Amino acid sequence: MSRAADRLARVVDALLHERKPPRFPAEPEEAAALYAAAALKASRPGADLPSRDFIANLERQLGAEVARAEAAPGRGRRFTRRTLLQVCGASAAAAVAGVLVDRAVTRPEARPAPTTMVPTSGRWIPVVSLAALAPGQGMRFSSSGVEGFVVNHAGNVQAMSAVCTHMGCILRFNQRQARLDCPCHGASFDLDGSPLARGYLDSLPRLASRVRADHVEVQVPA
Amino acid sequence: MSDEQPALSIVGGNPAPSPFGATVTDGWEGVYRATVILVYRYIYARVGNRADAEDLTTQVYLRALPRLRLSAAIEEIRSYLVATARTVLADHWRDRYDVRVDALEESIATPEIRRSSPHDEEAGVRRAGAILGALPDNYRRVLELRFLRGYSLRETAAELKITVSNAKVMQHRALRRAAALPEELP
């Protein structure tokens, strides 16, 4: 019991410090306890969200692998393990240096500017009268497969996607607090499309918009 | 609006959540951004630490991306990624602890986590609450202090007014008991 308790305690300590637990052959019942420990650790609010740095690093590394695979089509499309080592190495080095950015830490200056979605073959459609869109107000619309909002953000009228950049739920306009709320997992976005609190999320993509004859128009696919 | 213009509907009220995927069809980057949090959380719930979760998430994409049909529906892509994650996790548990994860999942009480949609992010939290609620007080207390409040064993022992050795043994018994809880839990 004592040895097994020691072993399990080392695993729990590793989990609580976000480290890899030690390797050892486990009896089935012991393994079940390890599995329960992992589930309990993951239930800690916010513990199971990836850091922005990890998401960005992995995307960069996958991009390099995709480019390599496209440059050498005759060698098959399977990616190499070298990328894995590079990503893990970067994560490990960051952890040692204590610079892993927590998900709760927002670094808006590091976030790329929101992209603007422009259809290859688009048409302008009027969505709402400019006069009906006072500062702090918004209008949800749906057209040609585009789910969007037209908002008046402090006098600046713009259109943006209504799809949450977390997991694709449709956002709701929260007029009282002048923001866009996700009904699925609690994410919120400012009326300029930037994520509030959850700094690891991307901003909402903008939609091309303009004002014509006192109407706000949005460009959607033809 | 003329007949030639595309249909426009102004949406009022509170539309139901929808996995609308217009922004995830932008090549592999769009697929990656739309799925990476889901994949990571799925894995994290089964390994319980960031270092392993990052390694295994990386393995999932390295394995899956060359085989993904990017034009597939996003739900189909998510299912494929979760299936890949299961394979990667099985390899991980065999390598780390010399156990078969499929046998493990059969033998332990995580039915909701196993059955639930990977999009149900609250399933693990509900399950953990049910596990803790079903344990005797002293077992529940030691696991709450360790896992939810992040206490060290020494701090836990001090809080419970027991020795560190006893806290360690109690933690061991509590986790064994938690793993053996019946599947009827929510």
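Predicted model: local features only at pLDDT ≥ 70, side-chain atom pairs only at ≥ 80, totals over all residues.
**View 1. Chain A, overview.** Chain A has four helices and twelve strands. Of its 222 residues, 38% are buried. Among the contacts in chain A with a separation of 6 or more, 52% link residues 24 or more positions apart.

**View 2. The four-stranded sheet of chain A.** Strands E6, E7, E8 and E9 of chain A form an open sheet, in the order E6-E7-E8-E9. The pairing is antiparallel. Strand E6 (172–174) and strand E9 (195–196) of chain A are the edges. Each has a single partner strand, so one side of each is left without a neighbour in the sheet. In general, strands of a sheet pair through backbone hydrogen bonds, either parallel or antiparallel.

**View 3. E6 and E7 of chain A, with the loop between them.** E6(A) and strand E7 (residues 179–181) of chain A run antiparallel and are joined by three bridges. Phe173(A) has Leu180(A) in E7(A) as its bridge partner. Ala178(A) sits in the loop between E6 and E7 of chain A. Most residues other than glycine have a negative phi. Ala178(A) has 17 other C-beta atoms within 10 Å, so this residue is partly exposed. A buried residue would need 20 or more.

**View 4. The three-stranded sheet of chain A.** Strands E2, E12 and E11 of chain A make an open, antiparallel sheet in the order E2-E12-E11. Strand E2 (122–129) and strand E11 (209–212) of chain A are the edge strands, and each pairs on one side only. From one strand to the next, the twist averages 35 degrees. E2(A) and strand E12 (residues 215–221) of chain A run antiparallel, with seven bridges joining them. Val128(A) stands opposite Val216(A) in E12(A).

**View 5. Chain B, overview.** Chain B has nine helices and one strand. Along the sequence the pattern is β-α-α-α-α-α-α-α-α-α. Of the 186 residues in chain B, 41% are buried. Among the contacts in chain B with a separation of 6 or more, 54% link residues 24 or more positions apart.

**View 6. Helices H1 and H2 of chain B.** Helix H1 (residues 27–47) and helix H2 (residues 50–64) of chain B pack with their axes 9 Å apart. The angle is about 130 degrees. That makes H1(B) oblique to H2(B), because angles of 65 to 115 degrees count as roughly perpendicular and those over 145 as roughly antiparallel. The crossing of H1(B) and H2(B) is right-handed. Which residues of H1(B) meet H2(B)? They are Tyr32(B), Val36(B), Val39(B), Tyr40(B), Ile43(B), Tyr44(B) and Val47(B). From H2(B) come Asp52(B), Ala53(B), Leu56(B), Thr57(B), Val60(B) and Tyr61(B). By class, the residues of the contact of H1(B) with H2(B) are eleven nonpolar, one polar and one charged.

**View 7. Helices H2 and H3 of chain B.** H2(B) and helix H3 (residues 74–97) of chain B cross at roughly 125 degrees. Their axes come within 9 Å. H2(B) and H3(B) are therefore oblique to each other. Their crossing is right-handed. H2(B) contributes Leu56(B), Gln59(B), Val60(B), Arg63(B) and Ala64(B) to the contact. H3(B) contributes Tyr80(B), Leu81(B), Thr84(B), Ala85(B), Val88(B), Leu89(B) and His92(B). The contact of H2(B) with H3(B) divides into eight nonpolar, three polar and one charged residues.

View 8. Ala90(B) lies in helix H3 of chain B. It has 16 C-beta neighbours inside 10 Å, so Ala90(B) counts as partly exposed. How far apart in space are Ala90(B) and Arg100(B)? Ten residues separate them in sequence, and the C-alpha to C-alpha distance is 6.6 Å. Asp98(B) lies in the loop between H3 and helix H4 (101–107) of chain B. Phi of Asp98(B) is positive, near 60 degrees, in a residue other than glycine. Asp98(B) is partly exposed, with 13 other C-beta atoms within 10 Å. With 12 or fewer, a residue would count as exposed.

Notes
Residues numbered from 1 in each chain as written. Chains lettered and ligands numbered in written order. Pairing = 2+ DSSP bridges. Helix = DSSP H or I, 4+ residues; strand = E, 2+ residues; numbered from the N terminus. Axes fitted to C-alpha atoms, helices over the stretch in contact; angles between N-to-C directions. Parallel < 35°, antiparallel > 145°, perpendicular 65-115°, else oblique. Left-handed = near helix turned anticlockwise from the far one by under 90°. Contact = placed C-beta atoms within 7 Å. Nonpolar A, V, L, I, M, F, W, Y, C, P; charged D, E, K, R; others polar.
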